[in-house]
Structures are given as structure tokens and as C-alpha cells.
Amino acid sequence: MLAKVLQLKPSSYEYSSTASKTLTLAKGKQMGFVAQELEEVMPNLITNFTAPTNNKDNEPEKYKGINYIGLIPVLVKAVQEQQEQINDLKN
């Protein structure tokens with residue numbers, strides 16, 4: 001898991017004000033991951049969904065969501081692997 005975690009690219013971002021009004025998005029600067037980038041490393045943590053649009057043609061927009069809770073066990077396993085490496089170096 002450590003190898004996968006090292007591929008992750010944490011980012012800061014702000015949600016677009018043109019996103020669907022039916023989505024409850026946090027305001028201001030956020031820290032997290034870009035779903036399209038995370039999907040390349042851990043596709044099982046990405047959910048695709050649609051939401052009504054603000055456009056005049058009323059076509060639903062496609063979005064990607066991240067399962068941040070699902071990322072926790074991956075991070076814990078990576079820390080465990082890293083600790084094992086540290087212990088091996090100490091010995």
C-alpha cells in the first residue's frame with residue numbers, strides 16, 4: 001500500500017461556483033485529491049454520479065466523488081509498512 005500512497009497527489013482547490021445547485025459543496029479553499037488523479041491509482045475509491053445542471057438545456061452533469069473514509073485503511077496500512085521498514089533499518 002505504501003507504493004500506492006506515494007503516488008497520491010494532495011491538492012488544494014475551491015469548488016466551482018457553476019457546479020449544480022443541488023450539490024452541497026463546501027465553500028472556500030479545500031484540501032484533498034482530484035478525483036480523476038486518484039482514480040488512476042485507486043479506482044475503487046471513486047464514485048460516478050450525475051446531478052441536475054444549471055444550464056438551459058437541463059442535461060444532467062457528470063461528477064466524480066471520492067470515498068475519503070475508504071482511504072483511511074489504505075493510509076493505516078501504508079504507515080504500518082513504513083514502520084516495518086524503519087524497524088528493519090534500526091535492526
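Strand β4 contributes the most to the lining of the largest pocket, with 5 residues. Helices (H or I, at least four residues) and strands (E, at least two) are DSSP runs, numbered from the N terminus. The structure is a predicted model, in which local features need pLDDT of at least 70 and side-chain atom pairs count only at pLDDT 80 or more, whereas totals for chains, interfaces and linings use all residues. Residues are numbered from 1 along each chain as its sequence is written, and side-chain values use heavy atoms, with hydrogens and water left out.

Two or more lining residues come from each of α2 (35-41), β3 (46-51) and β4 (61-66). By class, the lining of the largest pocket consists of 12 nonpolar, 5 polar and 3 charged residues. Here Ala, Val, Leu, Ile, Met, Phe, Trp, Tyr, Cys and Pro count as nonpolar, Asp, Glu, Lys and Arg as charged, and the others, Gly among them, as polar. A pocket is defined on a 1 Å grid over the protein atoms alone, as an open set of points where a 1.4 Å probe fits, with protein on both sides within 12 Å along at least five of seven lines; lining residues have an atom within 4 Å of a point. Grid points are joined across faces, edges and corners, and a volume is the space filled by probe spheres set on the points.

The second largest pocket has a volume of about 240 Å³. Among its 13 lining residues, Y15, S16, S17, L25 and K27 lie nearest the centre. This second lining divides into 5 nonpolar, 5 polar and 3 charged residues.

The structure contains 1 salt bridge (a side-chain nitrogen of Lys or Arg within 4 Å of a carboxyl oxygen of Asp or Glu). The side chains of K64 and E39 form this contact, at 3.1 Å from N to O. Because K64 belongs to strand β4 and E39 to helix α2, the pair ties together parts that are 25 residues apart in sequence. K64 is partly exposed, at 31% relative accessibility, and E39 is likewise partly exposed, at 25%. In these assignments, buried means under 20% relative accessible area, exposed over 50%, and partly exposed in between (1.4 Å probe, protein chains only).

A nonpolar patch on the surface is formed by I69, I72 and V76, which together have about 290 Å² of accessible area. Patches are made of residues with over 30% relative accessible area and no salt bridge; like charges are joined within 9 Å, and nonpolar side chains (Val, Leu, Ile, Met, Phe, Trp, Tyr) within 5 Å. Accessible areas come from the Shrake-Rupley method with a 1.4 Å probe, and for residues only the protein chains shown count as cover. I69 is located in helix α3 (residues 68-90) and is exposed, with a relative accessible area of 63%.

Helix α3 also holds A78, which is buried at 3% relative accessibility. A78 and K9 are 69 residues apart in sequence, and their C-alpha atoms are 15 Å apart in space. G28 occupies the loop between β1 (11-13) and β2 (30-32) and is partly exposed at 34% relative accessibility. A C-alpha separation of 8.3 Å is found between G28 and Y13, 15 residues apart along the chain. E37, a residue of helix α2, is partly exposed at 32% relative accessibility. The C-alpha atoms of E37 and K90, 53 residues apart along the chain, are separated by 35 Å.
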